Amino acid sequence: MKRNAVPTKWHKLDNNANLFPVIANKRVTNVFRLTAVLTRPVQPALLQSALEQTLPYFPAFDVRLRHGLFWSYLETNRAVPRVRPEEDSPCRYIDPVQNERYLFRILYHGCRVHLETFHALTDGTGALRFLKAVCYRYCMLADPDAFTPAQRATPFGT
């Protein structure tokens with residue numbers, strides 16, 4: 001499923017981010033992880049919906065890494081990211097081909113939601129805001145009666 005309505009834009013990597021794609025491999029992954037622990041086991045279909053609804057508000061995450069003649073850059077990704085169960089070791093290399101070209105992945109296991117992201121994409125603050133937004137949307141989808149109408153009107157409970 002493609003999202004063709006999104007115009008293709010590109011963003012230049014900053015000086016530090018230019019270094020990460022060059023040195024990243026299966027031994028040096030340059031991936032970090034944030035985890036949210038919920039009170040009930042994760043429902044994968046709701047988590048997928050929460051991710052799809054949240055991603056348009058975070059265009060910095062809706063990109064893929066491309067390599068130009070002299071530099072690397074980020075370009076709008078039209079694929080749909082998929083949430084996956086946690087099956088491998090934490091912070092393993094993000095293979096763009098297996099991950100719809102996204103530089104992050106959302107994993108779940110039991111009551112935990114994990115965000116693993118490539119360092120060239122964001123820092124810890126941006127990753128934390130994105131994970132909080134996905135979890136807020138997930139909780140809103142899982143138990144809408146727990147939120148007031150005012151809380152439901154705001155996208156991420158700011």
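Modeller: Happy to! Let me begin with a term: a nonpolar core is a set of buried Ala, Val, Leu, Ile, Met, Phe, Trp, Tyr and Cys residues joined through side-chain atoms within 4.5 Å. Please keep in mind that this is a predicted model.

With that term in hand, look for the largest nonpolar core, which has 35 residues. Leu-47, Phe-104, Ile-106, Val-113 and Phe-130 are the ones with the most contacts inside it. Two or more residues of this core come from each of β2 (31–37), α2 (44–54), β3 (63–67), β6 (104–109), β7 (112–118) and α3 (124–142). The element that gives the most is α3, with seven residues.

Now to the strand itself, β6. Five of its six residues are buried, so β6 is mostly covered. Strand β6 belongs to an open sheet of four strands, in the order β2-β7-β6-β5 and with mixed pairing. At the edges are β2 and β5, each pairing on one side only. In general, strands of a sheet pair through backbone hydrogen bonds, either parallel or antiparallel.

Both senses can be found along β6. With β5 (residues 84–85), β6 pairs in the parallel sense over two bridges. Follow them residue by residue: Arg-84 has Leu-107 of β6 as its bridge partner, and Pro-85 has Tyr-108 of β6. With β7, β6 runs antiparallel, and six bridges join the two strands. Here His-109 stands opposite Arg-112 in β7. The hairpin of β6 and β7 has two residues between the strands, and Gly-110 takes a positive phi near 60° there.

Next, zoom in on Ile-106, one of the core residues with the most contacts. Setting aside neighbours within four places in sequence, Ile-106 is in contact with Leu-47, Leu-51, Arg-82, Val-83, Arg-84, Val-113, His-114, Leu-115 and Phe-130. Among these partners, Leu-47, Val-113 and Phe-130 are also named with Ile-106 as residues with the most contacts inside the core.

Phe-130 takes us to helix α3. This helix has 19 residues and reaches 26 Å from its first C-alpha to its last, close to the 27 Å expected at 1.5 Å a residue. Its buried residues include Phe-130, Leu-131, Val-134, Tyr-138 and Met-140. The buried residues of α3 pack against β2, α2, β6, β7 and α4 (149–153).

The side chains of Arg-33 and Glu-86 are joined by a polar contact of 2.4 Å. The side chain of Arg-33 also makes a polar contact of 3.4 Å with the side chain of Glu-116. Beyond four places in sequence, the contacts of Arg-33 include Pro-90, Cys-91, Leu-107, His-114 and Leu-115. Of those, Leu-107 brings us back to β6, as the bridge partner of Arg-84.

Finally, a word on the cysteines. A disulfide would need two cysteine sulfur atoms within 2.5 Å. For Cys-135, the closest cysteine sulfur is in Cys-139, at 6.5 Å, which is too far for a bond. By this rule the model has zero disulfides. Cys-135 counts as buried because its relative accessibility is 10%, whereas Cys-111, at 25%, counts as partly exposed.

Conventions:
Residues are numbered from 1 along each chain as its sequence is written. This is a predicted model: local features need pLDDT of at least 70, side-chain atom pairs count only at pLDDT 80 or more; totals for chains, interfaces and linings use all residues. Side-chain values use heavy atoms; hydrogens and water are left out. Buried means under 20% relative accessible area, exposed over 50%, partly exposed in between (1.4 Å probe, protein chains only). Contact means heavy atoms within 4.5 Å. The expected span of a helix is 1.5 Å times one less than its number of residues. A polar contact is a pair of N or O atoms within 3.5 Å; within protein, one must be able to donate a hydrogen and the other to accept it, and residues adjacent in sequence count only if both atoms are side-chain atoms. Two strands pair if DSSP finds at least two bridges between them.
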